[in-house]
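I opened my notebook to go through this structure one look-up at a time. Come along and keep the viewer open beside you.

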Amino acid sequence: MKKLIYALGIMFLTISCDDSSLTDLNVDVKNPSVVPASTLFTNAEKGLTEQLVNTNVNKNIFRLVNQQWTETTYLDESTYNWVTRKISDNHWDRLYSGALADLSQAKGFLEKDVIPATDPEFAQKSITKKNQLIQVDILMVFTYQILVDTFGDVPYSESLKGSANYLPKYDKAIDIYKDLIARLNKDIADIDTSHPGFGDADVIYKDDLNAWIKFANSIKLKLGVNLKASGLEATLADATILSAAAGTFTSNADNAKLPYMANLPNTNPLYVDMVFSGRNDFVVAKPFVDALVTLNDPRKTQYFRPTYRDTDPVTEELITVTGYRGGIVGSKNSQSRFTHASDKIKAPDFSGTLLDYAEVEFLLAEAAGRGVAVSGTIESHYTAAIKASMEDWGVSTADADAYLAQPQVAYATATGTWQQKVGEQAWYALFNRGFEGWTSTRRLNFPVLTPPANADAAAEGQIPSRMAYPIREQTLNATNYQAASTSIGGDKLKTKIFWDIN
C-alpha cells in the first residue's frame, strides 16, 4: 500500500509540473539575468558619477595628485604610491566593468528589442528607441574620454566583447579621440527632441534631450581643445571646437549633475567617505588654501570649514582659530589642526558633477588662446568662467564682481601668460572635480605644482602625468599591454598623454 501511494505521488508530481515550472525554480529573482535597459542606464549614470566624485583612496585619488586635498595619516596616495591599493585596477574596473559594461548591455538589449511594424505606435516607439541609443552612446563617449585621459592608449575597438575577446588590443589614444568626435557628431545630428528618451530613468537631465545635445557639444568641445593642445590633426581640432562651441552649456542650468538624496544608499559619496564612515583622512592642501586666501577668494567659505585648532602661544592649550591653514602635501596632518572640506561638500544630498558651465567657459577661453576663432575673447570667457563658478557655489554677484575687480584677478592685469591666468583660475574653480582639475593642470602646466620630497620613486621626481596600467592587464593581457606600453613611450607615471606635449 505504501508503495502504491508513493508511486501515485510521483506520477502526480510528474503530470502537474511542466518544464517551465521546473525551470522557474532556478531563477534568482534578486539577481535577474536580464535587466531593463532603462535600469542599466540609470545604474551607469550613477556609477560613473560616483567614481568621479568619491574620495575613497582605493578608487579616486585625483584631488590628491592635483594638490587640492592631501592626507592626514596614510600618505601613499599623496606621494604617488598607487600600487599598494591597486588604484589603477579599481579606476579601470569601475569604468570598463561598471559604467561601460552597463551601457553596452543596455545598447544590446535596445538593439534586440524589435518593435512590430503592426504596432500602432511603431513610429513613436522607434524614435524613442533611437533617442535612448543616442543617450547611451553620449555617456559611453564621455567614459572613454576619461579612460584615454587617464591612461593613454586603451582597449576600444575590441573592448566590451566579453567571452568573445577577453584579451583586447589597445587602440592609439588619438585614434580613439577621432572616433569619439565622429560618434558625437552623429549623435547630435540624429537626436530627436520632439520625442522622449529614457524618461525618469535619466536621473541627470530627466529626459531633457535639448540638455543632452548641450552635454554632447560640451564633451566634444573638450575633445577638440585637448586635440588642439596636442598640435596634431589641427584641421579636425578647429572644426570640432567651432562646431561644438555653438551648442555648449550657456548657464549653470545646463550643468550635468546627478542629484543625491538625504538618506543612504543614494547619498553623496563624500558624505559616505568622510561622515558616515567616521573617517578623518583628508585636509585641504596648503598650495590650494594659500592661493585662495591670498586672493581673498569668496569661494573659500563654500569650499572650506572656516576654523581649525591651534596651540595658544601663551597658555599652550588647544584653541579654535578662525581662518584657514592648509595641510603639507606628503606629511601627516592632524585633521583638527588644518582646514578641511566644508559641511556643504560633505552634505548627503550635495550633487555630483560630471561637467559644468564654468569648465566649458574655461575651455572656450583656452580655445581662443590657442588661436581658434570662437565667438568672444580669452578675457570674456575667463571672466564668464569665474562668474559661473561663483554662482554655482552660491557666491553673491557683488562678491564675485569684487573678486574680479582685483588687479591680481582681472584678466588684463593678472600675472603671467594666458595659460597661467586660465590654468590657475580653472584650478580654483575645479576644486571638487579632481579628475578634470588634474586634466586642466596637465594641459596648461599651471598652476606649477611641486611634488613632495618623499614622493614615490615611481613618479621620478615629477607630478604624475598619467596612471600606470592595471597590474591585472600586465599579467593577463601581457602581449597587448606590452604593445601599448611601447606605443606610448613606457608605462610610467611621467609618460605624457598625447595632448600633454608641453
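Entry 1: In which loop is the place of Q67? I looked it up and found Q67 in the loop between α4 (62-65) and β1 (69-71). I had picked this residue for its phi, which is positive at about 55° although Q67 is not a glycine. A reminder to myself before going on: this is a predicted model.

**Entry 2: cis peptide bonds.** Next I turned to peptide bonds that end in a proline. I noted that the bond from L264 to P265 is cis, with omega near 10°. I then placed P265 in the loop between β4 (256-258) and α10 (269-276). For P447, I had to look in the loop between α17 and α18 (471-476).

**Entry 3: α3 with α6.** Now for some helix pairs. I reminded myself that two packed helices are described by the angle between their axes and the distance between the axes. I began with helix α3 (residues 37-53) and helix α6 (residues 122-151), which pack at an angle of about 25° with their axes 11 Å apart. Why do I call α3 and α6 roughly parallel to each other? Angles under 35 degrees count as roughly parallel, and therefore α3 and α6 get that description. I also saw that α3 passes α6 in a left-handed crossing. On the α3 side I listed F41, A44, E45, L48 and L52, and these meet Q135, V136, L139, F142, T143 and I146 in α6. Sorting this contact by class, I got eight nonpolar, two polar and one charged residues.

**Entry 4: α7 with α8.** My next pair was helix α7 (residues 173-190) and helix α8 (residues 209-230), packed at an angle of about 155° with axes 10 Å apart. That makes α7 roughly antiparallel to α8, as angles over 145 degrees are counted that way. Is their crossing left-handed or right-handed? I found that α7 and α8 cross in the left-handed sense. From α7, I noted I174, Y177, L180, I181, L184, N185 and I188. Their partners in α8 are I213, A216, N217, I219, K220, L223, N226 and L227. By class, I wrote down 11 nonpolar, three polar and one charged residues for this contact.

**Entry 5: α14 with α15.** I then followed helix α14 (residues 378-392) to helix α15 (residues 397-405), where the axes come within 10 Å and cross at roughly 145°. Here I recorded a right-handed crossing as α14 passes α15. The residues making the contact are T383, I386, K387 and M390 of α14, together with A400, D401, Y403 and L404 of α15. My class tally for α14 with α15 reads five nonpolar, one polar and two charged residues.

Entry 6: How many cavities of 30 Å³ or more does the structure hold? I found one, and about 90 Å³ of space lies in the largest cavity. Its lining has 13 residues, with E359, L363, L430, S440 and R443 nearest the centre. I checked which helices take part: α13 (357-369), α16 (418-429) and α17 (434-444) each supply at least two lining residues. Which of these helices gives the most to the lining? I noted α17, with five residues. By class, I divided the lining of the largest cavity into six nonpolar, two polar and five charged residues.

Conventions. Residues numbered from 1 in each chain as written. Predicted model: local features only at pLDDT ≥ 70, side-chain atom pairs only at ≥ 80, totals over all residues. Heavy atoms only, no water. Axes fitted to C-alpha atoms, helices over the stretch in contact; angles between N-to-C directions. Helix = DSSP H or I, 4+ residues; strand = E, 2+ residues; numbered from the N terminus. Parallel < 35°, antiparallel > 145°, perpendicular 65-115°, else oblique. Left-handed = near helix turned anticlockwise from the far one by under 90°. Contact = heavy atoms within 4.5 Å. Nonpolar A, V, L, I, M, F, W, Y, C, P; charged D, E, K, R; others polar. 1 Å grid on protein atoms, 1.4 Å probe; cavity = no way out; pocket = protein on both sides within 12 Å on 5 of 7 lines; lining within 4 Å. Points joined across faces, edges and corners; volume = space filled by probe spheres on them.
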